[in-house]
Amino acid sequence: MTNSTNPVTVLGLGLMGRALASAFLREGHRTTVWNRTAAKAGELVTEGATPAPSVRDAVAAGPLVVACVSDYDALRELLDPVADLLEGRVLVNLTSGTSAGARETAAWAAGHGAAYLDGAILAVPAAIGTPEAVLLHSGPREVFDQHEPVLRALGSTTYLGADHGLSSLNDVAVLGLMWSILNGFLQGAALLGAAGMSASDFAGLAKRLAPTVVDWLPAYAEQIDNGAYPAFDSTIDTHLGAMDHLVHESEALGVSAELPKFVKALADRAVAAGRGGDGYAAVIEQFRKPSEVQA
Ligand code: NAP
């Protein structure tokens, strides 16, 4: 799989699917495209893509089929009627979902004789085709190795392991990190806004300090992996004092205190479990348990 004109089929030409097809074309791969709403193939055809008149024709066009639609239900709705064509082909599913959905789809693909890689895209469409686009893959190693030279047209590929669920699992883990950062920023911007400061003022400070927090992660990870959390920077008791300040400031300024109270509740539970003198990584024990409050 080193020939730069490898045939690849892209199913799904939404914002992401169009970016994927375009990146394959830029690398010189012979790209067949199909979308439920055919008009979305227009620009890609100008770039050199071959539009398939039906999903059946699209799948039949080559050995490698890359799918990127809204969700796994849409994927199955799309592929179930043409499952007979999958025998001997490779399906790379870059649709977002859960690890259970990925494993179920892998079993379904295996039942139809297809090799299956599940993938997750940790990038926006504009980054596809650049090294900044991170794409995670899981499934059989030999299938990944064989097709990586084509898949690398999309960005930086990372192979996670044979368990098909690993891409989706890592995807949601990273999304959780992203939302924590975004929500922390929004909470801070709301607080500062109450004092007449702009979100842009806060963005400057946040941008300087967020990388410092990220730098703590490897040492915390080592403690989590070792199951011991000696405080080398700050104890959970000390964190709790500062969390109180955040809760009180939020309440006093009429800003939502829901997120700060949740953060404090986790630390309170860690203290109740005897972890007050440990470092913050010990809060992992609270995350490892099922939720105490059901949504
Ligand atoms: P989108 O622009 O809304 O496109 C959705 C695509 O799914 C369209 O091609 C749509 O076809 C197709 N589709 C939906 N239901 C279908 C069905 N029942 N049968 C056939 N096709 C169907 O979404 P997107 O941004 O491209 O996202 C696609 C996937 O990439 C999602 O799983 C998303 O989570 C993931 N992703 C997106 C981003 C991003 O920044 N956009 C980043 C990472 C991952 P029509 O055009 O006919 O509606």
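Predicted model: local features only at pLDDT ≥ 70, side-chain atom pairs only at ≥ 80, totals over all residues.
Is Met178 buried, partly exposed or exposed, and what is its relative accessible area? Point 6 takes this up.

1. Every value below is computed from it.

2. **Overall make-up.** The protein has 295 residues, and 39% of them are buried. It contains 11 helices and 8 strands. The C-alpha trace spans about 65 × 45 × 35 Å along its principal axes.

3. **Domains.** The domain assignment gives two entries: domain 1 covers 3-163, and domain 2 covers 198-294. Taken over C-alpha atoms, their centres are 39 Å apart. Keep these bounds in mind when locating the residues that follow.

4. **Negative patch.** Which residues form the negative surface patch? They are Asp71, Asp73, Glu77 and Glu104. Take Asp73 as an example. It sits in helix H4, which runs over residues 72-79. Asp73 counts as exposed because its relative accessibility is 64%, and the cut-off for exposed is over 50%.

5. Side chains of opposite charge can pair when their charged atoms come close. One of the pairs is Asp145 with Arg141, at 3.2 Å from N to O. Both belong to helix H6 (residues 141-151). They are 4 residues apart there, so about one helical turn separates them. Neither end is fully covered: Asp145 is partly exposed at 40% relative accessible area, and Arg141 is partly exposed at 43%.

6. **Nonpolar patch.** Met178, Trp179 and Leu182 make a nonpolar surface patch of about 290 Å². Met178 is found in helix H7, residues 166-194. To settle the opening question: Met178 is partly exposed, with a relative accessible area of 35%.

7. Glu251 forms a salt bridge with Lys261, and their closest N and O atoms are 2.9 Å apart. Glu251 lies in helix H9 (residues 236-252), while Lys261 lies in helix H10 (residues 258-272). The pair therefore ties together parts that are 10 residues apart in sequence. Glu251 is partly exposed at 41% relative accessibility. Lys261 is partly exposed too, at 44%.

8. Lys264 and Asp268 meet through their side chains in a salt bridge of 3.0 Å, N to O. Why are they about one helical turn apart? Because they are 4 residues apart in helix H10. Is Lys264 buried or exposed? Lys264 counts as buried, because its relative accessibility is 18% and buried means under 20%. Asp268 is partly exposed, at 33%.

9. **Where to look.** Three places are worth checking on the model. Start with the negative patch that includes Asp73. Move on to the nonpolar patch that includes Met178. Then turn to helix H10, which holds Lys264 and Asp268 as well as Lys261, the partner of Glu251 from helix H9.

Key. Residues numbered from 1 in each chain as written. Heavy atoms only, no water. Patch = residues over 30% accessible without salt bridge, like charges linked within 9 Å, V, L, I, M, F, W, Y side chains within 5 Å. Areas by Shrake-Rupley, 256 points an atom, 1.4 Å probe, with all protein chains shown as cover. Salt bridge = Lys/Arg side-chain N within 4 Å of Asp/Glu carboxyl O. Lys, Arg positive; Asp, Glu negative; His and termini not counted. Charge placed at Lys NZ, Arg CZ, Asp CG, Glu CD. Helix = DSSP H or I, 4+ residues; strand = E, 2+ residues; numbered from the N terminus. Buried < 20%, exposed > 50% of the residue type's maximum accessible area, 1.4 Å probe, protein only. Domains from an automatic or database assignment.
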